[in-house]
Amino acid sequence: MKKRTFLHLSAAAMVTPILAPLTAWARDEKLKNWAGNYEYSTNRLFPAKSVADVQALVRQHKKLKVLGTRHCFNGIADSRDNLISVRPLDQLISLDAQARTVTVGAGMSYGQLCPTLHEKGFALHNLASLPHISIAGACTTATHGSGDKNGNLSTAVAAIELVTAAGEVITLSRERDGERFRGAVVGLGALGVITKVTLDVQPTFQMRQDVYENLPLSQLKLHFDYITSGGDSVSLFTDWRAERCNEVWIKRRVEPGTKPTAAAPEFFGARLATRNLHPIVELSAENCTEQMGVPGPWYERMPHFRMGFTPSSGKELQSEYFVPRQHAVEAILAVQKLHAQVSPHLMISEIRTIAADEFWMSTAYRQASVAIHFTWQQDWPAVRKLLPVIERELSPFGVRPHWGKLFTVPAAQLQARYEKLADFRALAREFDPQGKFQNQFLAATVWGS
Ligand SMILES: Cc1cc2nc3c(=O)[nH]c(=O)nc-3n(C[C@H](O)[C@H](O)[C@H](O)COP(=O)(O)OP(=O)(O)OC[C@H]3O[C@@H](n4cnc5c(N)ncnc54)[C@H](O)[C@@H]3O)c2cc1C
């Protein structure tokens, strides 16, 4: 092992040899996020194989952050001191068919859970664009998919089990814990180590996905609500280069027993695609879920990208901004105005809708939202200059940035957009009085002035 390699085993971890799953990082290389744009400040990564391991690690260290599947683009998961991974806790713990819930270890990814859930006759209400991400990491950052009636992924959470800074195991449930539960689910990794998640499930279903090309912006202006309600989940992709959306992805449930029907050749002026497409049109659609109206299980249609394949482009940066749904068209036009500055640095933008929820730190807290997402080329100096320009244009709409992506919104503005921030801080102090789970990102956003 070289000097910079610090894959440590705690005293508790020594009891159970748990090094194996993470040895890929035990080389002379810095630990980075999935996109490679963010280098974590330490390589001291402790894998935990059991809740007891988590408790021991938490008790042993003064400072600690949990690392999920590393799909965030900023420093939200970073630590200068110690990182813990609960990826080995990836078991399906129980499926309660009567209560319609599934309980999983917090290290499980959606890609691991979904096929098993489907086999057992159940489904989740929605998924993000990729199944590769950890369930706990996604829910704690308010990760979302699309759909006027779909809350973000955390809205499926019925309970969480959490190890607090004192090493205590607590459970918070929707049924029992009311406001505290609503404060903790989108917890931004600030409250403790989530070790189990219970999710609502529903009977499994089939979906189809149809893609249309070249939706005129004039149609979007006039018919935004009709367009986004054109399916259970609708995504609009644009490069902002012309007054149109390059692609419209429409995902619809297929009712059992119905015969497959041909999709309409036109959708608000957009033409039905005649082959599978990638949102970044130059890239191979092989990485994408099946389109062309072919029915398939929900988990192979709701995400855009297939498990086992690289999602999106790989070498990229991402930003995303949420505005109240009633300002959707104005906000989209505000970004369109910036096309000459935005497009040269962009791979693709995606516009999605999210139903309101009740989680204090959720980007959709008490507001049905529209998300405007940017997949950037990996040129941080250029993107860093652009983000304040976009944020200024979206500021009149009370914009909230995605917690896991890149943004430059000043702390004071950000905090003013979360009316339950003071309650969230109080909850964080209760679970973590000494700031064990705080890091620079949280200091600058949630706590900073
Ligand atoms: C290609 C790509 C596509 C994406 N598509 C979408 C999309 O469609 N919609 C969307 O909203 N986002 C999307 N994202 C963003 C991303 O998926 C989310 O932000 C999510 O947080 C990633 O989960 P993770 O486990 O990788 O988190 P990480 O980056 O590993 O961690 C994120 C945060 O979660 C905390 N955390 C993780 N596990 C735990 C735990 N067990 N207990 C307590 N805290 C924990 C970490 O401490 C950190 O604060 C995408 C990202 C990529 C790279």
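**Helix crossing, aromatic pairs and a buried histidine**

Helices α5 and α11 are roughly perpendicular to each other, a term used here for angles of 65 to 115 degrees. Good morning, colleagues. What you see is a predicted model, in which local features need pLDDT of at least 70 and side-chain atom pairs count only at pLDDT 80 or more, while totals for chains, interfaces and linings use all residues. Residues are numbered from 1 along each chain as its sequence is written, and side-chain values use heavy atoms, with hydrogens and water left out.

I begin with the two helices. The axes of α5 (residues 174-184) and α11 (residues 421-431) come within 10 Å and cross at roughly 90 degrees. Axes are lines fitted to C-alpha atoms, for helices over the stretch in contact, with angles from 0 to 180 degrees between N-to-C directions. Helices are DSSP runs of H or I with at least four residues, strands are E runs of at least two, and both are numbered from the N terminus. Where do the helices meet? Arg 180, Gly 183 and Ala 184 in α5 meet Phe 424, Leu 427, Glu 430 and Phe 431 in α11, contact being heavy atoms within 4.5 Å.

I turn now to the aromatic rings. Rings of Phe, Tyr and Trp (its six-membered ring) pair if their centres lie within 6.5 Å; planes under 30 degrees apart count as stacked, over 60 as edge-to-face and the rest as tilted. By this rule there are twelve aromatic pairs. In one of them, the ring centres of Phe 267 and Phe 268 lie 4.9 Å apart with planes at 85 degrees, so this pair is edge-to-face. Phe 374 and Trp 376, by contrast, are stacked, at 5.1 Å centre to centre and 5 degrees between the planes. Is Phe 374 buried or exposed? Phe 374 is buried, with a relative accessible area of 0%; buried means under 20%, exposed over 50% and partly exposed in between, with a 1.4 Å probe and protein chains only. Trp 376 is likewise buried, at 0%.

Finally, consider His 132, in the loop between β6 (122-123) and α4 (135-140). At 15% relative accessibility, His 132 counts as buried. Leaving aside residues up to four places away in sequence, His 132 touches Thr 69, His 71, Ser 109, Arg 306, Met 307, Gly 308, Phe 309 and Pro 311.

Key. Parallel < 35°, antiparallel > 145°, perpendicular 65-115°, else oblique.
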